[in-house]
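Subject: Structure handover

Hi,

Here is the structure I promised to pass on.

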Amino acid sequence: MIKTYGDEYRDIIEKVVKITIEKHQSNYKDIDVEINLVDNEEIRILNKRTRNIDKVTDVLSFQNIQNLRFPIDTSKYLTEINPQDNSLMLGEIFICLDKALEQAIEYGHSIEREIGFLTCHGLLHLLGYDHNLGADSEKMEKITEEIMKEANLEREKSDNKSQMAATDFKSGFVAIMGKPNAGKSTLINTLVGEKVAIVSWKPQTTRNKILGIYNEPSYQIIFIDTPGLHKPKNSLGKYMMRAANSALDGIDCLLYLIDAEKQFDQKDKENIAIYLDADIKVIAVVNKVDRVTKEKVFGILTELKNFAKLQAVVPISALRGRNIEPLKEEIKKLLTDHIKYYDKDQYTDKNMRFIASEIIREKALRLLNMEVPYGIGVDITKYQMRESGDIIDIDADIICEKAAHKPIILGKGGSMIKNIGTYARQDLENITGSKVFLTLFVKVRTEWRENSLVLKELGYDN
Ligand SMILES: Nc1nc2c(ncn2[C@@H]2O[C@H](COP(=O)(O)OP(=O)(O)OP(=O)(O)O)[C@@H](O)[C@H]2O)c(=O)[nH]1
Ligand SMILES: [Mg+2]
C-alpha cells in the first residue's frame, strides 16, 4: 500500500513508486511504503532526533528491511508483513516540500520533477541502494534517470505550467552606493527589515561589502551595502574603495544614494555618469527627504532629469521608511535571475563574529569623539557558546592606532569602555537571543590602518 501524507503531488509520487517497484520486477501492490511531505522545521527536528544533525535536508528515508532480494517474495519476510493487506513494509520517506521548491527553483525545473526525483531517491534507499558507495551510486543515478524518463519527468519534458512557476521567481543583486553618510546602511536595514549593517552619523562608518537578503514568496533581492565613496587617505581607505567597486560585479541594478540634506554636488554627478556610461542600470534615490523642504527635493529631482539613462528616480526617507515600497517595485522590474541564492531564513552573508565586531565598533563610533573612532578596529578573540547552550562568551580587542587614544577609550575609571560594552552587549543579546558575557580589552597597534598584516587580521583584505 502506498500511503502519502499530504495531498499535493500524490499522483506524481504514486506514479514514481509504481515505476520504481516494477523496475525491480516486483508488484507495487506487494509493498507498503509511507511517504510524508513535511516542512523545513519538521525535517530539521527529524534530522536532529534520528541523526543528531541540526540541518534541513531534502529527503530522509528510514529503511525497514535490509538485504532485500528482487523480485520481492513477500513469503521470505513474514515478520515484516502489514496484516491489513499482506504487503511488505519497506519503510518511511520524508520529503521536505520547502527544500524541494527551493531546489526546483535553483535547478530551473518543475516542482513535480523535484518531488518525483526525491521520491525515487528515497525509495531506492529503502530498496537497499546507498548513494555513498561508488558502484551503487552510479547504478542509482542510472536507474533514477530511467525512472524519471518513464514518469515523463525528464528536465525537458516537465510541463510548461510548472516550468513557468519556477521561472516566475525573480532574483538579483543590487548594489547600494553613494558618498559617505548618505544613509546606505540605514536603507539596507530598512529594506531587509533586519540590522544588517551598523549606522552612525560619522562618515565612513561602513568598511566592508555587506549583503542583506530580502525575501518575498516570488522574489529574492540581494542588496549590497558598500563603504561610502571617497578619496582614500590610507591602506584601509583603499581597501574600502576596492570593496565598494567590487560590489558592481554581476549586479542587476545600482541604487545611487543622494543625501538631500547636503548638496547634490559635482562628485555625485560624476559618479552617476560613470555608472551610466558603464551601462549599469542605475536608480537614483534621494534620501533624507524628512529633513528638507519639498522645494529642495524638487530641485534635486529637476537636476536628475539631465540623466536620461536613469531607470528611475525615487525620493525616500530610509530612516522613517518612507516610499520604500515604490522603490522595491522599481527594483523588481530590473531583476533578471531566477535562482534562489540564499535560504529564506538567511538575511546576511556575514557570520556572528563579524556582526559582533561591527556592533562593538558601532558603539565606539557613537560614543567617542574627534578622530579617535576612525582609528578603531575590533578583533573578536573569543566567541563561544557555553555547554549549557544559553550563554555566549565574547572577548574582543578594541584596537586603536595611537597610545594617546587608549586612555580616552578606557575613560575615567573605565567608564567609557564600560558604556561601549553595555550598549554592545544589549544589542548582541537581542540579536542572538542568548545571554552574552562580553569582555573588552584596548590594544594599541601604531598606525595599523597602514599595516597590511593587521588589516588582514581584522578581515580588511581583498
Ligand atoms: N533624518 C534622516 N536621517 C537619516 C536617513 N537615513 C540615514 N540617516 C542618518 O544618516 C546618518 C548616516 O547613516 P548611515 O546609514 O550610516 O550612512 P552610510 O551611507 O551607510 O554611511 P557610510 O557607511 O559612512 O558610508 C545616520 O545618522 C543616520 O541615522 C533619513 O532618511 N533621514
Ligand atoms: Mg554605511
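This is a predicted model: local features need pLDDT of at least 70, side-chain atom pairs count only at pLDDT 80 or more; totals for chains, interfaces and linings use all residues.

Ligand 1 has 23 residues around it, and the closest are G183, S185, T206, G228 and L319. Helix α7, residues 184–192, gives the most to that shell, with three residues. Sorted by class, the shell comes out as 11 polar, eight nonpolar and four charged residues.

Next, the sheet. It is open and has six strands, in the order β7-β8-β6-β9-β10-β11, with mixed pairing. The edges are β7 (210–216) and β11 (312–315); each has a single partner strand, so one side of each is left without a neighbour in the sheet. From one strand to the next, the twist averages 25 degrees. Inside the sheet, β6 (residues 170–178) and β9 (residues 253–259) run parallel and are joined by five bridges. If you want one pair to look up, M177 has Y256 in β9 as its bridge partner. Helix α11 (residues 324–333) packs on this sheet, where it touches β6, β8 (219–225), β9, β10 (282–287) and β11. The direction of α11 makes about 160 degrees with that of β11.

Now the helix pairs, both of which involve α4. In general, two packed helices are described by the angle between their axes and the distance between the axes.

- α4 with α5: the axes of α4 (residues 111–126) and α5 (residues 134–150) come within 10 Å and cross at roughly 135 degrees. Because of that angle, α4 counts as oblique to α5. The crossing is right-handed. On the α4 side, G116, F117, C120, H121 and L124 meet M140, I143, T144, I147 and M148 of α5. By class, this contact has seven nonpolar, three polar and no charged residues.

- α3 with α4: here the axes of α3 (residues 97–107) and α4 come within 8 Å, crossing at roughly 120 degrees. That angle makes α3 oblique to α4. The crossing of α3 and α4 is right-handed. A100, L101, Q103 and A104 of α3 make the contact with I111, R113, E114, I115 and L118 of α4. By class, the contact of α3 with α4 has six nonpolar, one polar and two charged residues.

That's the lot from me.

Cheers

Definitions and conventions. Residues are numbered from 1 along each chain as its sequence is written. Chains are lettered from A and ligands numbered from 1 in the order in which they are written. A residue is near a molecule or strand if its C-beta atom, placed from the backbone, lies within 6 Å of it. Helices (H or I, at least four residues) and strands (E, at least two) are DSSP runs, numbered from the N terminus. Ala, Val, Leu, Ile, Met, Phe, Trp, Tyr, Cys and Pro count as nonpolar, Asp, Glu, Lys and Arg as charged, and the others, Gly among them, as polar. Two strands pair if DSSP finds at least two bridges between them. Axes are lines fitted to C-alpha atoms, for helices over the stretch in contact, and angles run from 0 to 180 degrees between N-to-C directions. Two residues are in contact if their C-beta atoms, placed from the backbone, lie within 7 Å. Angles under 35 degrees count as roughly parallel, over 145 as roughly antiparallel, 65 to 115 as roughly perpendicular and the rest as oblique. A crossing is left-handed if the near helix is turned anticlockwise from the far one by less than a right angle, and right-handed if clockwise.
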